Each structure stands twice: as C-alpha cells, then as structure tokens.
Amino acid sequence: MSDTLAIALRLLAVFVVFLVFPLVIGQTEHKVMAHMQGRLGPMYAGGFHGWAQLVADGVKFAQKEDIVPAGADRRIFQLAPAVALLPYLLVLVAIPIGPHNAVGQALDAGIFFVLAVMGVGVLGSLMAGWASANKFSLLGGLRTAAQLLAYELPMLLAAASVAMAAGTLSLPGILDAFHWWWVPWQIVGGVVFFTAGLAELQRPPFDMPVADSEIIFGAYTEYTGLRFALFLLAEYAGIVVLCALTSVLFLGGWHGPFGADGLGWLWTLLKTVVLAFGVIWLRVTYPRLREDQLQKLAWTVLIPLALAQIALTGIVKVVIS
C-alpha cells in the first residue's frame, strides 16, 4: 500500500507541475517581452506589474464562442487540441528532477519514450490542419509535417550521443553516470537538441507553420476560445518539457556545485528556468526563417553536427575504455 501511495503522490506532483509551470512560462513570456520590446499593455492588468494579465487572458478565451467550421471533420477537429497537449504530461512523468528516484516513473528506455511521445504531440497540429476544411490551415499542417520530418532526426541523433556516453537509455541512469567534463564534450549535441526541439514546437524563429503574415495562423486558424487556448498551453508545456530534457541530458540535471542530495530539484529547476528564458529571448531577437532556410538548417547543418557529435562520443569512449 505504501508503494502505491508513493507512486500516486509522485504522479500527483507531476500533474500539478503540468498544470502550473506552463502557465508560469506564459506569464513570464508576457512580462519579458513587455520589458524587451517596451510593450505597455501586459503591464497594466491588475495593477502592480500587470499581475492579472494571465487571468485576463483566461477569461477572454473562456468567453469566446466555440465554433466548428461547417465543412470540418468535427471529431478530429475537436480531438486535435487534446492530442497536442496530453503527450507532454506523459513525458513529464519520465523526467527525473532529483536524486534518489525523484521521478514520476523511471523507465529503462526513457530517452526513446520521451522522444516518441513528444513526436505524437506534433500530430495535434497535423490533425487540426487536415480537419479544419481551410486552405490556410492545410498549408500550415503540411509545413508542420515537413518541419517534423526535418528536425526529428537531429534531435534523436543528439540524444543518442548522450545515451552512448552514459551507456544507458534511462534518464536517471544518464544522470548517475554524468560528469562535469561532459558539458564541453556534449555541448554541440546540446545545441542541436535544443534547436531541433524549438523547431518541433514551432517557436520563433522556426514558426513558419503559423506564419501570421502569410497563412493567418496556420493549422490553428479556425480555432477559437478554449480549444485555441489548449494549443497555446501545449506550446508552453512543450517549452517546459524541452528545457527540462535539455538540462537533464546535457547540463547534468540535478547535479550542481553543491547540495546535490538536498537541493538537486532546485538545480534542475534553475537550469530549466534559464533555458526557458532563452526560448523567450530568441522569440524577440530573431526574425522568422523562410521555409527553404528552415529546411536547409536541418539537413545541411544540424544533422551533420549531430553525426559529428556521435563520432566524437564514440572516439572518446574508445579512448577512455
């Protein structure tokens, strides 16, 4: 009974993180962009520093009418937001936040599990684009498919390099095998992994599938109200998952300069927050890539770099052994 209770409490903690952290990232993005770009609007709602902006956005989405286009595939159209959001909840279950089994559920093939499930999340955008009966939505869905095909491979190769270095596919096992000299050794793979993850989330500057100046809002053009809010929440949940995975695989996760046993969760959180800030910073810094530039970056830059990282990892492993 005690084991069942412990598992239930861990899963409850994961669910709370899933509900809270994406909203915090969304609120932080409002504030960071407001400071970086001199935006006044997000600083007014609620008074002090615009603390109620998130509440105002939630009320706005809840008040909007839920519309399904007459020509849409109704069931697929309504299911797409859940398909986009729920995979990130499953991924959070497998990400360790601290030592001594501080993870929702440890998996022997943790890397394969999280990458496979994250790929399922992108299917929500494909479903939305196909089911909307809208040419702009369909074009956004096709761009999403092309982007998924291009960036899934370098992301997988970069993660494989870390698994090769650690000799295990388990995320807690990778952290148990981690050494600080891995950071410069695996830094190229880390950059490739993080960049490919941003592209899969369709975050700027990789947001061609939702290019508002060209195709209105891509696969999400016909969505309103809470269904549209679920797609936004999926994006912020994806940011949390990507940053947490990057910190675990390439930055040592709960390892820190001191207090790893007692403060391990704090180091994981700190690294995740810093990376999430970088995601927001990139949004307000770089212009959107053209579709040809986006594909060229994946096939001619990221994939060769990921393969080179794997080769380097193999050479270092042979030398060490």
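1. Basis. The model is predicted, so local features require pLDDT of at least 70 and side-chain atom pairs count only at pLDDT 80 or more, while totals for chains, interfaces and linings use all residues. Residues are numbered from 1 along each chain as its sequence is written, and side-chain values use heavy atoms, with hydrogens and water left out.

2. Helices α5 and α8. Helices are DSSP runs (H or I, at least four residues) numbered from the N terminus. Helix α5 (residues 135–166) packs on helix α8 (residues 187–200) at an angle of about 150°, the axes being 8 Å apart; axes are lines fitted to C-alpha atoms over the stretch in contact, and angles run from 0 to 180 degrees between N-to-C directions. The pair is therefore roughly antiparallel (over 145 degrees). The crossing is left-handed, that is, the near helix is turned anticlockwise from the far one by less than a right angle.

3. Contact of α5 with α8. Contact means heavy atoms within 4.5 Å. The contact residues comprise 10 nonpolar, three polar and two charged; Ala, Val, Leu, Ile, Met, Phe, Trp, Tyr, Cys and Pro count as nonpolar, Asp, Glu, Lys and Arg as charged, and the others, Gly among them, as polar.

4. Helices α5 and α10. The axis of α5 comes within 10 Å of that of helix α10 (residues 225–250), crossing at roughly 35°. Met155, Ala158, Ala159 and Val162 of α5 meet Leu242, Leu249 and Phe250 of α10. This contact has seven nonpolar, no polar and no charged residues.

5. Helix α2. Gln53, Asp57 and Phe61 of α2 (residues 53–63) are buried (under 20% relative accessible area, 1.4 Å probe, protein chains only). These residues lie on the same side of α2 because they cover an arc of only 75° around the axis, taken from the directions from the helix axis to the C-beta atoms. On the other side, Val55, Ala62 and Gln63 are exposed (over 50%).

6. Loop residues. Ala133, in the loop between α4 (110–131) and α5, has a positive phi of about 55° although it is not a glycine; Ala133 is exposed, at 53% relative accessible area. Gln202, in the loop between α8 and α9, has phi near 60° and is buried, at 8%. Pro205 lies in the loop between α8 and α9 (212–215), and the peptide bond from Pro204 to Pro205 is cis, with omega near 5°.

Conventions: Helix = DSSP H or I, 4+ residues; strand = E, 2+ residues; numbered from the N terminus. Parallel < 35°, antiparallel > 145°, perpendicular 65-115°, else oblique.
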